[in-house]
Amino acid sequence: MAATTAMTTKTTTKTTKTTNTNTNTNATTLEAALQGIGSYAAIGDSFTEGVGDPGPGEIFVGWADRLAVLLADQRDEHDFRYANLAVRGKLLDQIVAEQVPRAKELAPDLVTFCAGGNDIIRPGSDPDDVAERFEAALADLVGSVGQVMITTGFDTRDVPVLKHIRGKVATYSAHVRSIADRYECPVLDLWSLKSVQDRRAWDDDRLHLSPEGHTRVALRAAQVLGLEVPADPDQPWPPQQPRGSAEVTRDNIQWAREYLVPWIGRRLRGESSGDHMEAKRPDLLPL
């Protein structure tokens, strides 16, 4: 009995030591990886440009800018550089043609690649085809930069109009996860971020995140990269009074007049909100 107890104690001690060693090793590896991110370039559309999160002048801030700040905090002052190549309204092929080559030229330690959303919301689009083109672009990118983080779509279950394409978004998101597995890319899973399903996470146009929504996405992105974050991105929202059906209907009509009809008009005219616009931060520069 004494021998068995001694053996159990020894085994437990050994297991504890092994666990501690593995934990310390993982922490050391993670710290080294974070220290290795000295430059970051974001590519994409309005989501990554930061539309809905206004900053000084006519420049938007957004989740990518906020993530860059969190990454810069891991390094010495002026020892981090950041570029944001995203432009609102861009389709996947435009991002691939205009932004991916620039990202490869900059060759940063980290790239976030979020694209395809504007393709998916277009009538008649095929999420399988969009995913195939996305993977081809990713395959071209991964060999030229340090690490690429890719993103899924949001769960549009409770979003007016967009809830009707929820199946397409889910299909595309499943492809993105599979692609991430094949190329060993970290995934910013926006579908599972429940806090952004709250109406307050979205701008008045219901297509772009609000400042708080962008903040929560930035915090989740930082978590994916292994950073300790100052707040929980899934922290519950403060309670609010339920809205009556008449008020909801009135808001929906106002939204359709102010945002949906003009958006449809641009689509019919072949116009984009990003026409004649350039990236807000085309070079890797210190924050």
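Residues are numbered from 1 along each chain as its sequence is written. In this predicted model local features need pLDDT of at least 70 and side-chain atom pairs pLDDT 80 or more, while totals for chains, interfaces and linings use all residues, and side-chain values use heavy atoms, without hydrogens or water.

Student: How are the rings of Phe 47 and Phe 154 arranged?

Tutor: Rings of Phe, Tyr and Trp (its six-membered ring) pair if their centres lie within 6.5 Å; planes under 30 degrees apart are stacked, over 60 edge-to-face, and the rest tilted. Here the centres are 5.5 Å apart and the planes stand at 90°, so the Phe 47 and Phe 154 pair is edge-to-face.

Student: Are Phe 47 and Phe 154 buried or exposed?

Tutor: With a 1.4 Å probe and protein chains only, buried means under 20% relative accessible area, exposed over 50%, and partly exposed in between. By that rule, Phe 47 and Phe 154 are both buried.

Student: Which ring does the charged end of Arg 216 sit over?

Tutor: A charge sits over a ring if NZ of Lys or CZ of Arg is within 6 Å of the ring centre and within 35 degrees of the ring normal. For Arg 216, the centre lies 4.2 Å away, and the ring belongs to Trp 237.

Student: Which strands stand at the edges of the sheet?

Tutor: Strands are DSSP runs (E, at least two residues), numbered from the N terminus, and two of them pair if DSSP finds at least two bridges between them. The open sheet runs in the order 5-4-3-1-2-6. Each edge strand has a single partner, so one side is left without a neighbour in the sheet: these are strand 5 (187-188) and strand 6 (281-286).

Key. Helices (H or I, at least four residues) and strands (E, at least two) are DSSP runs, numbered from the N terminus.
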